[in-house]
Amino acid sequence: MTGDAGRDDKWVFGYGSLLWRPGFTCEERAQALLRDYHRSFCIYSHHYRGTPENPGLVLGLSAGGECHGMAFRVKPQNWPMVKAYLDERELVTNTYIPADVDVELADGRHVIAHTYVADPSHPQYAGNLPMRQAAEIITAAYGNVGPNLEYLENTVCHLDQMGIVDPPLHDLMDLVRREYGQLNMGAGI
């Protein structure tokens, strides 16, 4: 999945479930750094990892800091289909705002990548919850694609595989393991 980026190719920046389940074909994958945003469990999930009655928490990009993730290069002819898929997946309850952002790839190239940032004005925006409260929500929630714990574990596992340390997520995972035992979840959104 490597190659020279074409002038008209599109890029997608993934920071959560796209790390392990992009759901689309790409020509290249590269670790990438997004500045001025950080990854956080700041969105109440009413669909994939929770319900309206028992919301889970999923990741969003919040203003400030930086976020290490993965950039995916998509051929121009595939972009309309990929964009439609991503919008359907990410905009289920419109808690995210589509954005085109500058990311730096591991090899030093800068590309514009499409991503989804948290909408702080949306009712499902949880903001910066205390870690213990986030752990309690995540361990109790279950949505259409499975337990919220699975989402947390998959994200941390894939960050570890990429050699990326995200202290708030790793601290949250450590707290969950201490309080609720070892986890062994599957894959999913």
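Predicted model: local features only at pLDDT ≥ 70, side-chain atom pairs only at ≥ 80, totals over all residues.
**Exercise 1. Strand S3 and its partners**

Work out how S3 pairs with S1 and with S2, then decide how far S3 is enclosed.

*Solution.* 
- Step 1: Start with S1, residues 10-14. S1 and S3 are antiparallel, with five bridges.
- Step 2: Phenylalanine 13 has alanine 71 of S3 as its bridge partner. Glycine 14 stands opposite methionine 70 in S3.
- Step 3: Turn to S2. S2 and S3 also run antiparallel, over 16 bridges. Here tyrosine 44 stands opposite leucine 57 of S3.
- Step 4: Count burial. Buried means under 20% relative accessible area. In S3, 14 of the 19 residues are buried, so the rest of the structure largely encloses this strand.

**Exercise 2. The buried face of H2**

Show where the buried residues of helix H2 lie around its axis, and name elements that cover them.

*Solution.* 
- Step 1: List the buried residues. Within H2 (131-140) they are Ala134, Ala135, Ile137 and Ile138.
- Step 2: Look down the axis of H2. The buried residues fall within an arc of 165°, so they line one face of the helix.
- Step 3: Identify the cover. It includes strand S2 (28-45), strand S3 (56-74), helix H3 (148-162) and helix H4 (167-180).

**Exercise 3. The largest pocket**

Give the volume of the largest pocket, and say which residues and elements line it.

*Solution.* 
- Step 1: Read the volume. The largest pocket holds about 350 Å³ of space.
- Step 2: Go to the centre. The lining has 19 residues, and those closest to the pocket centre are Arg39, Ser40, Asp166, Pro168 and Leu169.
- Step 3: Assign the lining to elements. At least two lining residues come from each of S2, S3, H2 and H4.
- Step 4: Link back to Exercise 3. S2, S3 and H4 are also among the elements that cover the buried residues of H2.

Technical notes. Residues numbered from 1 in each chain as written. Heavy atoms only, no water. Buried < 20%, exposed > 50% of the residue type's maximum accessible area, 1.4 Å probe, protein only. Helix = DSSP H or I, 4+ residues; strand = E, 2+ residues; numbered from the N terminus. Arc of directions from axis to C-beta. Contact = heavy atoms within 4.5 Å. Pairing = 2+ DSSP bridges. 1 Å grid on protein atoms, 1.4 Å probe; cavity = no way out; pocket = protein on both sides within 12 Å on 5 of 7 lines; lining within 4 Å. Points joined across faces, edges and corners; volume = space filled by probe spheres on them.
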